[in-house]
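Me: Hi! I'm new to this one and would like a friendly walk through it. Could you keep the answers plain?

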Amino acid sequence: MHSHKVLNIALAQAPLQESLSKELGISKILAQVLINRGLRDFKSAGEFLNIKVDNFLDPSSLPDMDKAVGFLKAAAKNKEKVMICGDYDADGITAVALLKGSLLSQGLDVTHYLPHRIKDGYGLNKNIIRLAKQNNIKILITVDCGISNHKEISELKKNGIATIVTDHHEPASIGLPEAFCIINPKLKDCGYKFRDLAGVGVAYKLCQAMSNSRLLEELDLVALGTIADSVPLKGENRIIAREGLLRFPRTKRPGLQALIENAGLKAEQKFTSTFISFIIGPRINASGRMDTAEESLRLLMSQDRPEAEALAKSLEAFNRQRQKVESRIMGEAEDLINREVNFKEQKIIVIAKEDWHQGVLGIVASKLADKFYRPAIVISLNDTLCKGSARSIKNFHLFEALKECQQFLNAFGGHSHAAGLVISKESIDDFRRHINRLASDALSIEDLLPSIDIDMELSFADINEMMIAELGSLEPFGTGNPEPLFLSRNLKLKSQPQVLGRETLKFWVTDGAFTYQAIGFGMANLKESLIEANSFDLVYTPRLDTWKEESGILLEIEEIFLR
């Protein structure tokens, strides 16, 4: 579809393919895909293909874990009050639901606080401190936040409130807060063998340690937060996602049951990470984006089916509202970019406007980064401090860049590819100039060209149902483990392309020897060009088409390159 896109075709490594194929009893195609994922030896590739709950790491190897468990068990005996403070996104909400339910079951006196995105902002704040003091809280536990709240944690400590930080964000360069315990796999010199847990994953490890159990029945909730947060689906995250998705159809949570039904999914179907990322996750996020995240938390913790059904309908309404607001802001952002951004001079998009709803800034930034293939920072202006969200591209580390610009920022935090920031209106122009100077040095012209990572070139003779079934052993797909993409060249139409609903293009394609059906979602505009082309190349994922009673092979198109 985009002739300017760069095809990154993985280097075929025949000797390694042969070795893995023989040792693991797999095809050379699957072997090459594993190599492309960095799994180049028998042990790591075998573990990846054969993950099981027995491979969970010991939670006590996380820093301060044993100390936190002992402290909380003593608090249960002493009937001390505990408050859990989380984030307002799906990761934070699932973490609060999981940890609160687990601690309540062990006899602790637990309350919670979910900050309001607009009124409170991310992380700990003065309101939380005030409530903790008023309610005689002795222990405050953060989930999916806290690692950058130095000032607030010091204030809590002065007031006799001990803080247990459970977080997965990168620590700030100024050091660690004065918390009683800090459980974070990203701490320097951390002995834990997996650093990419989501916030709910870190909370899950605390629950495991507290109960001395693997808590497999909680994995539907943990998988939801993990997949929705787009952390790499490798290591423990792969176990969480795979096992959690298997439990989703038979979840015992009334809230998830109602959400699944209300979203039009069927409990008996196979649940994938795509369903979480694009259907379930956005609905959980919607209440926190548009108002308070409390409704999503109530849904996940509900034990009453009628209540759950009402809450699921409420989240559906929030999600529709979010889509409308997002669409409006996206249009305004594109107009602003067309008027104000000089792409020859600016490798990073930094735009700001009044009345942009803070709840959708991250989604808009992500869509802009995808569309223009450069980092995007979207800021909502107001008279005091302005809040913004940032999303990046493959070769630009956002968090490190923001550290280099911190003289212009009032606050910031995040990851390599996603971040949030607070800035004064007067500092935005200086910030824009400075971060673009950094980007000018860090990003080449090639870095700003959209690219597609191709696992392998195939002839149609390589494709069969056994090969497609074998690729299924790589599931679940997601961040860090993308669905395999293949390239076949010099193809021709075998039938007149049909345009189906939602701009879908469907046609039969041949390489001269084999013929398969292909489908391209949102590609209807290519119909005439495809008919006129002498030949074309396809980038695709092969699937088993089970829509009708007789299954067949279907090529789901990622890109079409016309010749």
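Me: Where is Asn490 placed?
Reply: Asn490 is in strand β14. Helices (H or I, at least four residues) and strands (E, at least two) are DSSP runs, numbered from the N terminus. A word on the source: this is a predicted model, where local features need pLDDT of at least 70, side-chain atom pairs count only at pLDDT 80 or more, and totals for chains, interfaces and linings use all residues. Residues are numbered from 1 along each chain as its sequence is written, and side-chain values use heavy atoms, with hydrogens and water left out.

Me: Thanks! What is phi of Asn490 near?
Reply: Phi of Asn490 is near 55 degrees, a positive value in a residue other than glycine. Most residues other than glycine have a negative phi.

Me: And is Asn490 buried or exposed, or partly exposed?
Reply: Asn490 counts as partly exposed because its relative accessibility is 47%. Buried means under 20% relative accessible area, exposed over 50%, and partly exposed in between (1.4 Å probe, protein chains only).

Me: What about Arg502, where is that?
Reply: Arg502 is in the loop between β15 (498-500) and β16 (504-510). Phi of Arg502 is near 55 degrees, again positive in a residue other than glycine. Arg502 is exposed, because its relative accessible area is 83%.

Me: Which residues does a cis peptide bond join?
Reply: Glu475 and Pro476, with omega about 0 degrees. Pro476 lies in the loop between α18 (465-471) and β14 (486-493). Most peptide bonds are trans.

Me: New topic: why is β4 largely enclosed by the rest of the structure?
Reply: Strand β4 (residues 137-143) is largely enclosed because six of its seven residues are buried.

Me: Which strand is joined to β4 by five bridges?
Reply: Strand β2 (residues 81-85) runs parallel to β4, and five bridges join them. β4 also pairs with β5 in the parallel sense, over five bridges. Two strands pair if DSSP finds at least two bridges between them. Ile141 in β4 is the bridge partner of Ile84, and Ile164 in β5 is the bridge partner of Ile141.

Me: What do β4, helix α7 and β5 make?
Reply: With helix α7 (residues 150-158), β4 and β5 make a right-handed β-α-β unit. Right-handed here means that, with the strands pointing away from the viewer, the path from the first strand over the helix to the second runs clockwise. β7, helix α15 (residues 361-372) and β8 also make a right-handed β-α-β unit. There, strands β7 (residues 349-354) and β8 (residues 376-381) pair in the parallel sense over six bridges, and Val378 in β8 is the bridge partner of Ile351.

Me: Which side chain does the His169 side chain make a polar contact with?
Reply: The side chain of Asp167, at 2.7 Å. A polar contact is a pair of N or O atoms within 3.5 Å; within protein, one must be able to donate a hydrogen and the other to accept it, and residues adjacent in sequence count only if both atoms are side-chain atoms.
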